[in-house]
Amino acid sequence: MSTTAQRILEAVQGDHDTISKLAGAIARNDAGAVQALLQARGVTVSDDEVSAVVRGATSGDAMACTCTCTCT
């Protein structure tokens with residue numbers, strides 16, 4: 001996982017509302033909205049980093065995936 005992807009994952013992990021908004025912004029190829037959402041979470045990303053994330057996501061490449069499961 002890239003450093004950018006790790007920073008993004010750490011910023012939004014556990015915040016379902018932000019994850020949904022971020023996914024929508026990426027799906028719309030709205031780099032400005034992606035940057036604004038991340039900046040609101042304290043993560044500054046360059047235009048190149050946002051472009052790479054959007055390109056990767058819209059080309060079908062997985063940026064990052066985590067799953068936590070507790071079985072009892």
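The protein chain has 4 helices and 0 strands, where helices (H or I, at least four residues) and strands (E, at least two) are DSSP runs numbered from the N terminus. Read along the sequence, that gives the pattern α-α-α-α. Please keep in mind that this is a predicted model, in which local features need pLDDT of at least 70, side-chain atom pairs count only at pLDDT 80 or more, and totals for chains, interfaces and linings use all residues. Residues are numbered from 1 along each chain as its sequence is written, and side-chain values use heavy atoms, with hydrogens and water left out.

Let us begin with the whole chain. Of its 72 residues, 28% count as buried; buried means under 20% relative accessible area, exposed over 50%, and partly exposed in between (1.4 Å probe, protein chains only). The chain exposes about 4,700 Å², and carbon and sulfur atoms supply 50% of that area. Accessible areas come from the Shrake-Rupley method with a 1.4 Å probe, and for residues only the protein chains shown count as cover. Turning to contacts (heavy atoms within 4.5 Å), residues 24 or more positions apart account for 53% of those with a separation of 6 or more.

Now follow helix H1, residues 3-12, where Thr4, Ala5, Ile8, Leu9, Ala11 and Val12 are buried. These residues sit on the same side of H1 because they cover an arc of only 165 degrees around the axis, the arc being that of the directions from the helix axis to the C-beta atoms. On the face turned away from this buried side you will find the exposed residues Thr3 and Glu10. After H1 comes Gly14, with a positive phi near 85 degrees.

Next is H2. Its 12 residues should span 16 Å at 1.5 Å a residue, and its end C-alpha atoms are 16 Å apart, so the two values agree; the expected span is 1.5 Å times one less than the number of residues. The buried residues of H2 are Thr18, Leu22, Ala25 and Ile26. They cover an arc of only 100 degrees around the axis, which puts them on the same side of H2. His16, Ser20 and Ala27 are exposed on the face turned away from the buried side. Asn29 follows H2, and its phi is also positive, near 60 degrees.

Where do the helices share nonpolar residues? A nonpolar core here is a set of buried Ala, Val, Leu, Ile, Met, Phe, Trp, Tyr and Cys residues joined through side-chain atoms within 4.5 Å. The largest such core has 13 residues, of which Leu22, Val34 and Leu38 touch the most other members. H1, helix H2 (16-27), H3 and helix H4 (47-58) are the elements that give two or more residues to this core. Leaving aside neighbours within four places in sequence, Leu38 is in contact with Ile8, Val12, Leu22, Val43 and Val45.

Two further residues are worth a look. Gln35 is found in helix H3 (residues 31-40), and it counts as buried because its relative accessibility is 17%. Not counting residues up to four places away in sequence, Gln35 touches Val45, Ser46, Asp47 and Val50. Val54 lies in helix H4 and, at 9% relative accessibility, counts as buried too. Beyond its neighbours within four places in sequence, Val54 is in contact with Ile26, Asn29 and Val34. Val54 and Ala31 are 23 residues apart in sequence, while their C-alpha atoms are 7.4 Å apart in space.
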